[in-house]
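My entries follow the structure shown here.

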Amino acid sequence: MIEILLIILFIIIVLLAANVRIVPQASAYVIERLGGYDTTWGVGLHFKIPFLDKVAKRVNLKEQVVDFPPQPVITKDNVTMQIDTVVFFQITDPKMFAYGVDNPIMAIEKLTATTLRNIIGEMELDQTLTSREVINTNMRSALDVATDPWGIKVNRVELKNIIPPEAIRNAMEKQMKAERERREAILRAEGEKKSTILVAEGQKESAILEAEAEKQAAILRAEAEKERKIREAEGQAEAIRVVQMANAEGIKFLKEAGADEAVLTIKKLEAFEKAANGNATKIIVPSEIQGVAGLAKSVGEILK
C-alpha cells in the first residue's frame, strides 16, 4: 500500500514539474485549452493544467531583423533592377501574431516585395537611385499598416542594395568619369584664371607703385629746384643789399668828408657804368646827370 502511495506521489510530482513553465524576459507564451486560445503568459512562473492546456506558440518580443534576398523590380522608364531590403519589426500582440497569418516572416517578405514593386514602378531610374529615404519611408508606412492585423509593428525598412543592369552600370560609370573630367577641367580653368588675375593684379600694383615713386621723385625734384631758386634769389638779394649798403656807406663817407657836388655826380656816373655792364638792355639816365656828362668825362681824363 505504501509503495502504491509513493508511486502516486512520484507521478504527481513529475506531472507538476512537467507543467510548470517559467517565461523569460522579452518573451510571451500563447496558451490553448482544449484546442482553443485561452491566455497569453507574460514574464514569470506559470502552471498549466495537464492534458488540458498546451503552449501553442512561444513569441519573441524583441525587435527582429530580416534580410530578404534581392527582388526584381521595374521602374517607370522600363529598367529592370535588383533591390534587396532589410526589415526591422517587433511583435506587439502575441495572440494576433499566432493566429493572424500562417508563417508571418514569409508573409512579410512577400508583402515587402509587392510593396517595393508598387513604389518603384512609379519612379524613374534616376529618381530611384537618389530617393532611398523616400522609398524607405513609404515602404515602412505601407508595411506597418498591412502587418498591424498580424500583431507586428514595422519599425524601419532599409534598401540594402540597388543593382541596376550591367549596361546601365557601364553607362553610369562613363557618365561619372565624364563628370569627373568636366569638374577637373573646370577646376583647372578656374586655377589658370585666378593665376592670370593674380599676375595682372601684381603688374597693376607694380605699375601703381612705380607711378607713385616717380610722382614722389618729381615732387622732391621740384621742391629741391624750388629751394635752390629760393636760395639763389636770397643770395642775389643779399648781394644787392650788401652792395647798396656799401654804396650808402660810401656816400655817407663822402658827405662827412665834405665832398662837393661834382664828386657826387662822378660817383653817380660810376654807378650807372656798373649798371650798364649788367644784363639790362635799356638804361634811363636822369636829366640832371646828362648836363654834367661832359664835365665828368673831362675830369676823368685829367685824373688819368
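Entry 1, surface. I began with the nonpolar patch, to which H1 gives the most, with five residues. Before going further I noted that this is a predicted model, in which local features need pLDDT of at least 70 and side-chain atom pairs count only at pLDDT 80 or more, while totals for chains, interfaces and linings use all residues. Residues are numbered from 1 along each chain as its sequence is written, and side-chain values use heavy atoms, with hydrogens and water left out.

I listed the members of the patch as Met1, Ile4, Leu5, Ile8, Ile12, Leu16, Val20, Ile22, Leu45 and Phe47, which together have about 1000 Å² of accessible area. Helix H1 (2-18), strand E1 (20-23) and strand E4 (44-47) are the elements that give two or more residues to it. For such a patch, residues need over 30% relative accessible area and no salt bridge, with nonpolar side chains (Val, Leu, Ile, Met, Phe, Trp, Tyr) joined within 5 Å and like charges within 9 Å. Areas come from the Shrake-Rupley method with a 1.4 Å probe, and for residues only the protein chains shown count as cover. Helices (H or I, at least four residues) and strands (E, at least two) are DSSP runs, numbered from the N terminus. I checked Ile12, which lies in helix H1, and at 41% relative accessibility Ile12 counts as partly exposed; buried means under 20% relative accessible area, exposed over 50%, and partly exposed in between.

I found 13 salt bridges in the structure, each being a side-chain nitrogen of Lys or Arg within 4 Å of a carboxyl oxygen of Asp or Glu. Arg33 and Asp53 meet through their side chains at 2.5 Å, N to O. Because Arg33 lies in strand E2 (residues 27-33) and Asp53 in strand E5 (residues 53-60), this pair ties together parts that are 20 residues apart in sequence. Arg33 is partly exposed at 35% relative accessibility, whereas Asp53 is buried at 7%.

I then looked at Asp67 and Lys160, whose side chains form a salt bridge of 2.8 Å, N to O. Asp67 is in strand E6 (residues 64-67) and Lys160 in strand E9 (residues 152-163), so the pair ties together parts 93 residues apart in sequence.

Where do Arg183 and Glu179 lie? Both are in helix H6 (residues 166-257), four residues apart, about one turn of the helix. Salt bridges that share partners also join Arg33, Asp38 and Asp53 into one network.

I turned to the largest nonpolar core, of 29 residues, where Ile83, Leu116, Ile135 and Met139 touch the most other members. Strand E8 (80-91), helix H3 (104-120), helix H5 (132-147) and E9 each supply at least two residues of this core, and the largest share, six residues, comes from H3. A core is a set of buried Ala, Val, Leu, Ile, Met, Phe, Trp, Tyr and Cys residues joined through side-chain atoms within 4.5 Å. Leaving aside neighbours within four places in sequence, I found Ile135 in contact (heavy atoms within 4.5 Å) with Leu116, Ile119, Ile120, Met123, Thr128 and Leu159. A second, separate core of five residues includes Val23, Tyr29, Ile31 and Trp41.

I recorded nine helices and nine strands, with buried residues making up 21% of the 304 residues in the protein.

Definitions and conventions: Buried means under 20% relative accessible area, exposed over 50%, partly exposed in between (1.4 Å probe, protein chains only).
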